[in-house]
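Hi everyone, thanks for coming. Have a look at the sequence and the structure on the screen, and then I'll walk you through a few spots.

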Amino acid sequence: VQDFLTKPFSGEELTAAVRRVLNETCLYSVLRRRQAESEGGGQPDYLIGEDSTFREALDLMTKVAALPQVTALILGETGTGKGLLARALHELSPRAHKPFQQVNCSGLPDSLIEVELYGAEPGAYTDSPGKRVGLVEQAEGGTLFLDEIGSLPLHLQPKLLDFLEDHTYRRVGASQPLSANVRVVAATNRDLEQAVHGGLFRSDLYFRLNVVPIRLPPLRDRGNDIRLLTSSFIDRFNREFSRNVQRLHPDAEAMLLCCSWPGNVRQLLNVIERAMLLCDGSSLTPDFLHGLELPGSPEEVTRFPTLKEAERRHIIKAIEIMGGNRTRAATLLGISRETLRARLKQQPSAEDDLSPAK
């Protein structure tokens with residue numbers, strides 16, 4: 001089940017739900033194709049989830065993808081999947097048959113970023129090997145992804161703004177401008193508004209990039225998605241490492257659900273990959289999970305929470321995310337409302353932490 005409507009519903013609600021399912025089906029097929037292409041060592045896809053905020057981000061991304069001239073700004077903490085979302089946006093767009101070029105603005109010296117982006121004429125800089133074709137030119141007709149845009153040096157920001165305004169640029173050392181038909185998608189884990197106030201980022205460039213902001217939520221706020229992602233990663237590494245893990249031990253699951261995940265989905269991916277390398281049985285137990293930061297005091301961390309305690313926290317978190325609506329919380333948890341009611345009765349202390357039932 002990808003969606004549901006509560007009766008009575010209007011024709012507009014039905015149309016919106018159908019459109020949402022069609023968009024997600026298209027996205028799913030694109031991501032599955034990329035996963036199939038990456039079998040044998042490529043990066044696994046992890047743009048999957050049922051969290052409402054995450055699904056809103058995917059829905060907005062598919063809408064932007066259909067508008068090939070619109071600039072997008074992807075926001076989110078490190079490890080949330082901003083780069084994968086940018087590539088999915090490209091592959092769902094009319095520009096999909098054209099190149100996708102990306103550059104990490106924090107991964108190059110200031111002196112090379114301009115050359116990397118716009119290219120250079122022969123002799124334009126010391127030890128120049130000849131004419132250099134930049135990523136803007138290489139991305140003609142397609143998408144240019146500027147990762148960590150918050151790290152773009154201040155003196156280069158006006159040139160990017162000019163390119164966004166009129167799609168023209170100059171190679172380093174050139175006198176004549178060139179033009180390029182390129183969609184720009186940028187991403188950052190920084191607070192650009194704060195950077196603007198601090199004089200580290202131009203306000204006009206920020207507003208030009210921030211035409212359509214798409215915010216990816218951190219993993220700690222995505223509820224049941226931890227289970228979905230873990231299952232997907234186990235399936236993948238079963239294939240890659242020739243393992244036969246059929247079960248995630250309940251205590252291991254509780255451990256994953258309790259983690260704060262400062263590294264987000266990327267951290268979860270790394271934890272499961274390491275665990276699958278070490279595991280040679282059919283059950284993935286807590287013994288194989290390393291590098292997790294559990295919440296609470298040192299005493300609470302030393303005393304690993306019981307499955308019942310972890311379940312209680314998870315139920316409370318789901319109800320809080322859904323604003324106290326227990327029917328929606330049950331859907332988020334993948335159980336019926338009756339099952340949720342029974343679990344709460346089994347854990348009466350949970351009722352003390354909740355608002356009146358809805």
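Let's start with a question: which residues does glutamine 101 touch, not counting those up to four places away in sequence? They are Leu135, Gln138, Ala139, Thr143, Leu144 and Phe145, where touching, or contact, means heavy atoms within 4.5 Å.

Before I go on, a word on where this comes from. This is a predicted model: local features need pLDDT of at least 70, side-chain atom pairs count only at pLDDT 80 or more, and totals for chains, interfaces and linings use all residues. Residues are numbered from 1 along each chain as its sequence is written, and side-chain values use heavy atoms, with hydrogens and water left out.

Okay, the overall picture. The chain has 16 helices and nine strands; helices (H or I, at least four residues) and strands (E, at least two) are DSSP runs, numbered from the N terminus. Of its 358 residues, 44% count as buried. Buried means under 20% relative accessible area, exposed means over 50%, and partly exposed is in between, with a 1.4 Å probe and protein chains only. And if you take contacts between residues at least 6 apart in sequence, 74% of them join residues at least 24 apart.

Back to glutamine 101. You'll find it in strand 2, residues 100-104. Glutamine 101 counts as buried because its relative accessible area is 19%, and the cut-off is under 20%.

Two strands pair if DSSP finds at least two bridges between them.

Let's zoom in on one pair. Strand 1 (residues 72-75) and strand 6 (residues 183-188) pair in the parallel sense over four bridges, and leucine 75 stands opposite threonine 188 in strand 6.

On to the helices. Why is helix 3 (residues 82-91) described as largely enclosed by the rest of the structure? Because eight of its 10 residues are buried, among them Leu84, Leu85 and His90.

Then there's a helix pair. The axes of helix 9 (residues 225-240) and helix 10 (residues 250-258) come within 10 Å and cross at roughly 125°. Helix 9 and helix 10 are therefore oblique to each other: under 35 degrees counts as roughly parallel, over 145 as roughly antiparallel, 65 to 115 as roughly perpendicular, and the rest as oblique. Helix 9 makes the contact with Ile226, Arg227 and Thr230, and helix 10 with Glu253, Leu256 and Leu257.

Tryptophan 261, in the loop between helix 10 and helix 11 (264-278), has a positive phi of about 50° although it is not a glycine. Asparagine 264, in helix 11, also isn't a glycine, and its positive phi is about 60°. Tryptophan 261 is buried at 0% relative accessible area, and asparagine 264 counts as buried at 0% too.

Definitions and conventions. Axes fitted to C-alpha atoms, helices over the stretch in contact; angles between N-to-C directions.
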